[in-house]
Amino acid sequence: MIVALIIACEVGFWVLLAAGLALRYLAKMPRLGAAVLLCEPLMELVLLVVTTLDLKNGGEPDWKHGLAALYIGYTVAYGHYTIKWLDGHASYRLAGGPKPAGAGYGMARARHEWKLWVRTVIAAVVALALLQAAIWYVGDAGDVSSFEAWQFGALRVVGIHALVAAAYTVWPKKAPADAAEDRPLARP
């Protein structure tokens with residue numbers, strides 16, 4: 001049931017996002033579109049409550065609960081960023097807004113990658129906190145080794161993402177001949 005709910009939350013995220021952007025830019029109903037977009041965090045709250053209730057009602061702690069914690073962490077850290085990024089692109093494509101800037105080149109790109117890494121750290125911290133709370137909640141009553149494995153996995157992702165950001169710093173992405181080397185980034 002937890003896996004189905006995680007999938008439903010992911011599908012729901014994209015459905016609400018598409019509906020909100022369609023209302024904002026195609027139907028010219030920006031307030032209703034914004035209201036639909038504000039419903040996004042409710043799905044993660046439902047996932048958190050259902051996961052907690054599953055553990056409370058004797059559900060065996062396993063990989064599904066850990067996946068739910070990582071999904072919630074990712075959504076907390078990257079959800080708003082994703083919505084703003086897509087909103088900028090929808091504004092450009094559907095409403096004649098300004099073209100969103102890309103990640104840039106050179107050190108501008110490296111700074112962008114480090115900012116994304118900070119989001120990954122936030123996602124990991126949220127997931128680690130949820131997993132640790134679950135470990136304390138289950139206590140000695142169950143096997144929490146899968147939660148500990150998910151914690152280690154979250155830390156590995158932070159390390160791998162740091163290596164990616166460091167690579168962009170050490171070997172900056174070169175700008176094409178017709179682009180500026182350090183053009184500023186537009187915030188989504």
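This is a predicted model: local features need pLDDT of at least 70, side-chain atom pairs count only at pLDDT 80 or more; totals for chains, interfaces and linings use all residues.
Ser146 touches Pro61, Asp62 and Trp63, leaving aside residues up to four places away in sequence. Ser146 is found in helix H6. With a relative accessible area of 17%, Ser146 is buried, because the limit for that class is under 20%. One of its neighbours also comes within reach of a polar atom: the backbone oxygen of Asp62 lies 3.5 Å from a polar atom of the Ser146 side chain.

Which residues of H3 are buried? They are Glu40, Met43, Glu44, Leu47, Val50, Thr51 and Leu55. These residues cover an arc of only 135° around the axis, and therefore lie on the same side of H3. An α-helix has 3.6 residues a turn, so residues three or four places apart point the same way. On the other side of H3, Pro41 and Lys56 are exposed.

The length of H3 can be checked in a similar manner. The helix comprises 17 residues (residues 40-56), and at 1.5 Å a residue these should span 24 Å. The C-alpha atoms at its ends are 25 Å apart, which agrees with that expectation. After H3 comes Gly58, whose phi is positive, near 95°.

His80 has its place in helix H4. At 55% relative accessibility, His80 counts as exposed, because that class begins over 50%.

Aromatic rings form a further theme. The structure holds four aromatic pairs. Phe13 is buried, its relative accessible area being 7%, whereas Trp14 is partly exposed at 41%. Another pair, that of Tyr74 and Tyr78, is stacked: the centres are 4.9 Å apart and the planes are at 20°. Where do these two tyrosines lie? Both belong to helix H4, four residues apart, about one turn of the helix. Tyr74 is partly exposed, with a relative accessible area of 46%, while Tyr78 is buried, with a value of 10%. Ring pairs join Tyr74, Tyr78 and Tyr81 into a cluster.

The cysteines remain to be considered. A disulfide is a covalent bond between the sulfur atoms of two cysteines. How many disulfides does the model contain? The count comes to zero. Cys9 is in no disulfide, and the nearest cysteine sulfur, that of Cys39, is 13 Å away. For a disulfide the two sulfur atoms would have to lie within 2.5 Å. Cys9 counts as buried at 3% relative accessibility. Cys39 is likewise in no disulfide, the sulfur of Cys9 being the nearest cysteine sulfur to it. At 32% relative accessibility, Cys39 counts as partly exposed.

Conventions:
Residues are numbered from 1 along each chain as its sequence is written. Side-chain values use heavy atoms; hydrogens and water are left out. The expected span of a helix is 1.5 Å times one less than its number of residues. Buried means under 20% relative accessible area, exposed over 50%, partly exposed in between (1.4 Å probe, protein chains only). The arc is that of the directions from the helix axis to the C-beta atoms. Rings of Phe, Tyr and Trp (its six-membered ring) pair if their centres lie within 6.5 Å; planes under 30 degrees apart count as stacked, over 60 as edge-to-face and the rest as tilted. A polar contact is a pair of N or O atoms within 3.5 Å; within protein, one must be able to donate a hydrogen and the other to accept it, and residues adjacent in sequence count only if both atoms are side-chain atoms. Contact means heavy atoms within 4.5 Å.
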